[in-house]
Amino acid sequence: MTKSVFDTRDSIRAGELTATAAAEDALRQVEQVNPQLDAATEILREEALAQAAELDRRLESGEDPGPLAGVPFTVKSNICTLYGRTSAASRIIENHVSPYEATAVRRLREAGAVCVAKTNLDEFGMGSSTENSSIQITKNPWKTTHVPGGSSGGAAALCSATRGMLHLGSDTGGSIRQPAAYCGVTGLKPTYGRVSRYGLLAFASSLDQIGPLQHSALECALVLEAMAGVDEMDCTSRDVEVKDYVESASRDISGMRLGIAPELFPDGVGSEVRERVEQAIEVLRGLGAEVKEVSLPNARYANPAYVLVSAAEASSNLARYDGVHFGHRTKEAEDLVALYKSSRAEGFGPEVKRRIMIGAFVLSSGYYDAFYLKALKVRKLIRKDFETALGEVDAVVCPTSPITAFPIGERMDDPMKLYAVDVLTVPANLASLPALSLPCGLSGAGLPIGMQLYGRAMEDDVVLRIANAFQSETEHHLQAPAVNAWGGGGEA
Amino acid sequence: MCAEKKFDPLENSAYEAVVGLEVHVQLNTRTKMFCRCENRFGAEPNTNVCPVCLGWPGALPYANRQAIEQSLRAVLACGCEVGEFSKFDRKNYYYPDLPKGYQISQYDQPLGLGGQVDFLLDGEKAGVQLTRIHLEEDAGKNTHVAGRPVSFVDLNRAGTPLLEIVTEPDISSAAEAGAFLRNLRLIMLYLGVSDCNMEEGSLRCDVNISIRPKGAQHLETRAEIKNLNSFNFIEKALHYEIARQIDLKERGEEVVQETRLYDPERDETRSMRGKEAEHDYRYFPEPDLTPVTFTREQLEEIRSGLPELPVDRLQRYTSELGLEDYPANLLVRDPEAAIFFDACIELYPKVRSVANWILNALKEEANSRKAGISSLGLEPGRFVDLVKAVDSGVVSSQKGREVLKPMLESDKPVVEIISELGLEQISDDSALREQVEKVLSEHPRPVEDVRAGKKNSVNFLVGQVMKETRGKANPGKVAEMIGEILSA
C-alpha cells in the first residue's frame with residue numbers, strides 16, 4: 001500500500017474507502033513500524049476508530065464532514081489534543097492531558113481529519129536527535145542505529161515509514177526541517193504567524209511554529225491550507241489571506257530566481273551533502289530557474305544568537321512547570337522554595353535544565369545587555385540580510401543540515417556539537433521566514449540528504465512551488481526507508 | 001515608642017518625610033486583560049477561569065483593547081507623556097498565586113511616563129509628580145489557614161487588568177498622601193475606568209517611606225509598606241512609620257530597607273520580610289504579544305473625550321456657578337451626583353436649588369437603595385421638572401419629596417403625578433385665606449401671643465395651617481397672610 005494523502009482523501013470522498021478503513025490502515029501501519037522505531041508515544045486506536053465511525057455515519061447520510069474527511073493524522077506530543085497525552089516528552093508533565101486543543105489540531109479535525117497517534121520529540125522540543133525524550137529514543141527508519149533528527153523526530157520517522165497520513169511537527173530552530181532531512185521526507189516551517197501557536201507548548205515563543213512533515217511538497221501544501229490563518233487566540237498569528245496552496249504550489253518555476261549564499265555553505269558542510277544539493281540546484285536550473293549568488297554576511301552569528309534568544313524565552317516559558325500548578329510535584333519538601341527546586345530538579349531532563357540555566361543567566365541584570373540584547377541586535381541584522389537577499393531572489397537554496405543522520409549516542413556528551421547541527425536552519429526562525437526541507441538524494445551510507453529553501457515572509461507558496469517542481473522532476477522523495485509499513489526497502 | 005498618632009509626628013520635628021506611592025487600580029473592563037473570562041469580583045473560587053488565565057501549557061495571552069484604551073484615558077488625564085509605541089514585558093518570579101511563573105507587565109516602555117496630579121490640600125492647590133503609569137495583569141489570591149499546613153489559591157483574580165500608578169518621592173506627609181489618593185480615586189471614577197472599591201481591593205497602595213533632616217536633598221534608606229487598602233489605614237500607617245523612623249534616628253539606629261505590613265488592629269507596622277537583596281525579575285519583552293501602537297489621531301480622540309478633572313470641576317462650581325464650598329465639594333466627591341448635576345443645570349440654571357435637591361432628596365433616595373444616583377435611572381429633565389415645580393410654588397418643598405418615589409416608578413409627567421396625588425400647593429388666595437382664618441379662630445391663645453409680639457407663635461399657627469391643608473399650603477405665604485390679618 002503506497003498511497004499519498006491525496007489518494008486517501010479522494011478514495012474516501014469517492015466512497016471507495018471508509019474513514020474507518022482509512023483509520024484502521026493508518027493504525028496498522030503505525031503499530032507495525034513503531035516497535036522498531038519508537039516514533040509514536042501513544043497510539044489512539046479507540047478514539048480514532050470512534051471518530052472514524054462517526055465520520056462514516058455522516059458521510060453515509062450525505063453530509064460533507066470537510067475537505068480532509070477521514071484522513072488520518074499524527075500530532076507531535078508538544079501540541080495539545082483532547083485525546084492522548086501532551087507530555088512534551090518530559091517527565092515533568094508525563095501524564096498531562098490538555099483540557100483544550102491546539103487551533104491547528106482543531107482546524108484539521110474540523111476539516112474531517114482523524115488523529116491516530118501522538119509522536120515523540122526531544123523534551124519540550126529541545127534537541128536535534130529525539131534522544132532527549134523522557135519516554136523513548138526514536139530510531140531512523142533508514143538505519144535504526146541512527147537518530148531520526150529532532151526535535152520532531154517521531155513525526156519524521158513515522159512519516160518516512162508510513163503512507164497516507166498527515167503529520168504535525170513544530171519548528172523552533174529546525175525541528176521540522178532537520179528531522180525531515182534525516183528521514184528523507186519533506187518538512188515545512190511556515191512563516192512565523194502563518195499558523196496559530198495556540199496549543200503548542202511554548203519552547204521559544206518568538207521562534208516556534210507548527211508545520212507539516214509529509215512525503216511531498218503538495219501534501220505539505222494541503223496541510224498548510226487546512227491549518228493556516230489568523231486565530232483570535234494567538235495575537236502573533238497574522239491576518240493574511242490563506243491561499244489555495246495546493247494550486248499555487250503546482251505552478252511551474254521558469255523565470256524564478258534562486259539565491260545561493262556562500263554563508264549557508266560553510267566549511268562544516270560535508271562533501272556528499274554539498275554535492276547532492278549542488279546537483280539539485282542544477283535540476284532547478286534545468287526547470288527554468290535563474291541562479292545567482294547572494295550574501296548573508298551575518299548568518300554565521302545566527303547560531304549563538306539563536307541559543308541565547310531561545311534559551312531566554314524557554315527559561316520563562318517553562319517556569320509554569322513548578323509542581324504547584326502544573327507538573328510533577330516532589331514527594332516531600334520543607335517549604336515552598338524547596339518544593340519548587342526539588343520538583344523541577346526531578347522533573348526536567350539535563351538538556352532542558354541547561355537551557356533554562358543559560359536563559360536565566362542571559363536575562364539576569366548585569367548580563368542582559370551583553371547577551372540577550374546583543375542577540376536581539378544580531379537577530380535584527382540577520383533579518384535585514386534576508387530582506388536584502390530576498391529582494392534580489394525569490395528563494396535562497398542551501399543544505400538543511402551540514403551532515404546526515406548520526407549514530408545514536410554520538411553527540412549526547414557535547415552540546416556544542418549537537419547545537420552545530422542547527423546552523424543552517426536557525427536563521428529561518430530568527431528571521432521569521434518560511435523554510436522547507438526536501439530530500440535530494442542519499443549519502444554513500446544510504447542516508448537521506450536534505451536541501452532547504454528559504455522564502456519571503458508569507459510566501460510559503462513559493463518554497464512549496466519550487467519544491468513541487470523539483471519533486472515533479474525527481475524521485476528522491478519516493479525512496480523508501482529500510483523500515484516501512486508496506487514491506488521491503490527500495491523504491492516505493 | 002510610637003508618638004501619639006493624633007499628632008503629626010513631623011510637627012516641630014527636625015525631620016521631613018519623603019513618601020512615594022505605588023497605586024494599583026483594577027480596571028472595570030468587561031473581560032480580563034489577556035483572555036475572555038469575565039472581569040468580576042466575588043465568584044466561587046477558581047470558577048471564573050480559562051486555560052489562558054490559568055496559564056495552562058500552550059495557552060497564549062491576547063491583549064484586551066478596552067483595557068488599553070481605558071489605561072490611555074487614565075494616562076492622558078494624569079498628564080503623562082505617551083509614546084506612540086509601548087510594549088508588554090514579562091516579570092519572572094515564582095509564587096503560588098502566579099500560575100505562569102511570570103507576570104505580564106510593562107518595564108521600560110510603559111503606556112505613560114511622567115505626569116502630575118493636582119488636588120487641593122487644606123484648600124490650597126497641591127500637586128504630586130508621577131514617575132509612570134503602566135498596565136499589567138493581577139495575580140490570584142492566596143489564603144492561608146491559621147493552624148493548618150495548607151494554603152489555598154484562588155485564580156479568579158488572575159489576569160484581571162491592573163493599572164499601576166507610580167509617584168515620585170514627592171509627598172511629605174500622611175495628609176498629603178491621603179489627599180492625593182482621594183483625588184486620584186476621583187479621577188478614576190470620573191474617567192469611569194474603575195469602581196475603585198477599596199474593600200474589594202480594586203484600589204490598593206504600596207507606600208515607600210523614608211525620613212531625612214529637614215531641607216536635605218538626598219534620599220535615605222526607605223521602608224516599604226505593602227497592600228494598604230483604605231485611605232484611613234494609609235494615613236495611619238504613614239503616621240506610625242514616620243514616627244518609628246524618627247524614633248530610630250533619634251536613638252542613633254538605622255532604618256533597614258525592608259517590606260513592612262500595617263496591622264490596623266494594633267495600629268502599627270511590622271517587618272514582613274527581613275532585609276533582602278533587590279529581586280532580579282529578569283524582565284524581557286513578552287514575545288506572545290505584539291507591541292501596542294497608536295497614532296496621534298487616536299490619542300487626540302481619547303484626549304478630547306476626557307471628562308473634566310475634579311479640581312477643575314470644583315473650581316467651576318464655586319467660581320463660575322457660585323455654589324458654596326460645601327455643596328460644591330459634596331457634589332465633586334460624588335461623580336454620579338456631579339454628572340447628574342451638570343446635566344440638570346443645562347436644563348435649569350438655578351444651581352442652588354438643583355444642588356440642594358440632588359444632595360438631599362435624591363441622594364437620600366439613592367442611599368436608601370444602597371445605590372448610586374445613576375442607577376436610579378432618572379432623566380435629568382424629569383428631575384428638573386420637580387425642582388421647577390417646587391421653585392414656582394406648584395408643590396411645597398416638603399410635598400415635593402413625596403413626588404420623587406412615584407417619579408422613579410413611572411414615566412408619567414411630574415405635574416401629572418403631583419395632581420394625581422393631590423399635592424398641589426393651594427395657590428388660590430381666597431381658599432387659603434379661608435383656611436387661615438379658620439385656624440386663627442380655633443387658636444385664640446396663640447393669636448393673643450402673636451399680637452403681644454411672640455414670633456414663635458406665628459410658626460405654631462403656620463404649622464397648624466400646614467396641618468389643615470395636609471402640607472399643600474405655601475408656608476411663606478401663610479405666614480404673610482397671618483401677619484396681614486392680625487395686624488389689620
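Reading a predicted two-chain model

Q: Is A:Leu201 buried or exposed, and why?
A: In this predicted model, A:Leu201 has 31 C-beta neighbours inside 10 Å, so the residue counts as buried. The cut-off for buried is 20 or more such neighbours.

Q: Where in chain A does A:Leu201 lie?
A: A:Leu201 belongs to the loop between β5 (186-189) and β6 (209-214) of chain A.

Q: Which residues does A:Leu201 touch, leaving out those up to four places away in sequence?
A: Contacts of this kind rest on a distance between C-beta atoms, within 7 Å. Within chain A, the residue touches A:Asn78, A:Thr86, A:Ala88 and A:Phe124. From chain B, B:Pro57 and B:Gly58 touch A:Leu201. As for A:Thr119, 82 residues separate this residue from A:Leu201 in sequence, and the C-alpha to C-alpha distance is 14 Å.

Q: How many residues does each chain give to the contact?
A: Chain A gives 35 residues and chain B gives 23 residues. On the side of chain B that touches chain A, 13 are nonpolar, five are polar and five are charged.

Q: How many helices and strands are in chain A, and why is the chain described as compact?
A: Chain A has 16 helices and 13 strands. Its radius of gyration, 21 Å, is close to the 23 Å from the globule rule for 492 residues, so chain A is as compact as a globular protein of that length. Along the principal axes, its C-alpha atoms fill a box of roughly 65 × 55 × 45 Å. Of the 492 residues in chain A, 62% are buried. Taking contacts between residues at least 6 apart in sequence, 76% of those in chain A join residues at least 24 apart.

Q: What do the corresponding values for chain B show?
A: Chain B has 15 helices and 16 strands. Its radius of gyration is 29 Å, well over the 23 Å that the globule rule gives for 488 residues, so chain B is more spread out than a compact globule. The box filled by its C-alpha atoms is roughly 90 × 55 × 50 Å along the principal axes. Buried residues come to 41% of the 488 in chain B. For contacts in chain B between residues at least 6 apart in sequence, 68% join residues at least 24 apart.

Q: Which domains does the assignment give for chain B?
A: The assignment lists domain 1 (15-293), domain 2 (308-420) and domain 3 (429-487). The centres of domain 1 and domain 3 of chain B, taken over C-alpha atoms, are 64 Å apart.

Q: How is a helix such as α3 of chain B read?
A: An α-helix has 3.6 residues a turn, so residues three or four places apart point the same way. Helix α3 of chain B covers residues 231-250, 20 residues in length, and spans 28 Å from first C-alpha to last, close to the 28 Å expected at 1.5 Å a residue. Its buried residues include B:Ile234, B:Leu238, B:Ile242 and B:Gln245. After α3(B) comes B:Gly252, with a positive phi near 75°.

Note on methods
Residues numbered from 1 in each chain as written. Chains lettered and ligands numbered in written order. Predicted model: local features only at pLDDT ≥ 70, side-chain atom pairs only at ≥ 80, totals over all residues. Contact = placed C-beta atoms within 7 Å. Nonpolar A, V, L, I, M, F, W, Y, C, P; charged D, E, K, R; others polar. Domains from an automatic or database assignment. Helix = DSSP H or I, 4+ residues; strand = E, 2+ residues; numbered from the N terminus. Rg over C-alpha atoms; globule rule 2.2 N^0.38 Å. Buried ≥ 20, exposed ≤ 12 C-beta atoms within 10 Å, placed from the backbone. Expected span 1.5 Å × (residues − 1).
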